[in-house]
Amino acid sequence: MEKRDEDLKKAQMLDARARNISHNVRCTECGSQSIEDSQADIAILLRQLIRDEIGAGKTDKEIYSKLEDEFGETVLYAPKFDMQTAALWLTPVLIAGGTAAGLVYSKHRQRTNVHIMALDLIRSVPLTPKERVTILDLLIPPPPPPQGVVSQLRRWLNLR
């Protein structure tokens, strides 16, 4: 009885491993489905090939390599990171970073440009010390009261 339970657990683990691999392999006939979800003849054959390879003691990497060698890199849903696919992997990161930097820069310019121009104007006009202090008090905004992160973000983005 114990031997039977052990064999059943082993079979379930091998089946789960085969399903996991099958979810990461694209059906070459359908193109938009994994071989686990597809009922095409080639998908059924590939699922059987994966189970046979697992039964032969191959690792997941070896199975993926064999499938890639036989059917090309497009059979895998997650392409490898190399020089040919670097643009595919890095483009979203670069776009997001560039957008964030542009927003921060424009917000910074929007906030400081008027103050810098006004301070430059004050420097060229002779003022009494009292007038200078009064104008600086008007131009330099007071520090914001300490609040939560969300309210600070809203105030920074002017989303009141």
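Visitor: Is lysine 58 buried, partly exposed or exposed?
Guide: Lysine 58 counts as partly exposed, because its relative accessibility is 32%. Keep in mind that this is a predicted model.

Visitor: What does lysine 58 form a salt bridge with?
Guide: Its partner is glutamate 53, and the closest N and O atoms of the two are 3.1 Å apart.

Visitor: And where does glutamate 53 lie?
Guide: Glutamate 53 lies in helix α2.

Visitor: Buried or exposed?
Guide: Glutamate 53 counts as buried, because its relative accessibility is 10%, and the cut-off for buried is under 20%.

Visitor: Okay, what does glutamate 53 touch, leaving out residues up to four places away in sequence?
Guide: Glutamate 53 touches Lys58, Ile63 and Lys66.

Visitor: What about lysine 66, how far apart are the closest N and O atoms in its salt bridge with glutamate 53?
Guide: They are 2.8 Å apart in the salt bridge between lysine 66 and glutamate 53. This pair links distant parts of the chain, with lysine 66 in helix α3 and glutamate 53 in helix α2, 13 residues apart.

Visitor: Nice. Now the helices themselves: at what angle do the axes of α2 and α3 cross?
Guide: The axes of α2, residues 41–55, and α3, residues 60–71, cross at roughly 140 degrees and come within 10 Å. That angle makes α2 oblique to α3, since the class of roughly antiparallel is kept for angles over 145 degrees.

Visitor: Left-handed or right-handed?
Guide: The crossing of α2 and α3 is right-handed.

Visitor: Which residues meet there, between α2 and α3?
Guide: On the α2 side they are Ile42, Leu46, Leu49, Ile50, Glu53 and Ile54, and on the α3 side they are Ile63, Lys66, Leu67, Glu70 and Phe71. By class, this contact of α2 with α3 has eight nonpolar residues, no polar ones and three charged ones.

Visitor: Let's switch to α1. At what angle does α1 pack with α2?
Guide: Helix α1, residues 2–23, packs with α2 at an angle of about 130 degrees, and their axes are 10 Å apart. That makes α1 oblique to α2. As for the hand, α1 passes α2 in a right-handed crossing.

Visitor: Which residues of α1 and α2 meet?
Guide: From α1 there are Leu14, Asp15, Arg17, Ala18, Arg19, Ile21 and Ser22, which meet Arg47, Ile50, Arg51 and Ile54 of α2. The contact of α1 with α2 divides into five nonpolar, one polar and five charged residues.

Visitor: I see Ile21 in there. Is isoleucine 21 buried or exposed?
Guide: Isoleucine 21 is buried, with a relative accessible area of 0%, and it lies in helix α1.

Visitor: What does isoleucine 21 touch, again skipping residues up to four places away in sequence?
Guide: Isoleucine 21 touches Ile50, Ile54, Asp60, Ile63 and Tyr64. Take tyrosine 64: isoleucine 21 and tyrosine 64 are 43 residues apart in sequence, but 8.0 Å apart in space, C-alpha to C-alpha.

Visitor: Back to charges. What does arginine 19 form a salt bridge with?
Guide: Arginine 19 forms one with aspartate 15, the closest N and O atoms being 3.3 Å apart. Because the two are four residues apart in helix α1, about one helical turn separates them. Arginine 19 counts as partly exposed at 39% relative accessibility, and aspartate 15 is partly exposed too, with a relative accessible area of 30%.

Visitor: How many salt bridges does a search of the whole structure find?
Guide: The search finds six salt bridges.

Visitor: Zooming out, how many helices and strands does the chain have?
Guide: The chain has six helices and zero strands, so from the N terminus the elements run α-α-α-α-α-α.

Visitor: What share of the chain is buried?
Guide: Of the 160 residues in the chain, 18% are buried.

Visitor: Last one: among contacts between residues at least 6 apart in sequence, what share join residues at least 24 apart?
Guide: That share is 42%.

Terms used:
Residues are numbered from 1 along each chain as its sequence is written. This is a predicted model: local features need pLDDT of at least 70, side-chain atom pairs count only at pLDDT 80 or more; totals for chains, interfaces and linings use all residues. Side-chain values use heavy atoms; hydrogens and water are left out. Axes are lines fitted to C-alpha atoms, for helices over the stretch in contact, and angles run from 0 to 180 degrees between N-to-C directions. Angles under 35 degrees count as roughly parallel, over 145 as roughly antiparallel, 65 to 115 as roughly perpendicular and the rest as oblique. A crossing is left-handed if the near helix is turned anticlockwise from the far one by less than a right angle, and right-handed if clockwise. Contact means heavy atoms within 4.5 Å. Ala, Val, Leu, Ile, Met, Phe, Trp, Tyr, Cys and Pro count as nonpolar, Asp, Glu, Lys and Arg as charged, and the others, Gly among them, as polar. A salt bridge is a side-chain nitrogen of Lys or Arg within 4 Å of a carboxyl oxygen of Asp or Glu. Buried means under 20% relative accessible area, exposed over 50%, partly exposed in between (1.4 Å probe, protein chains only).
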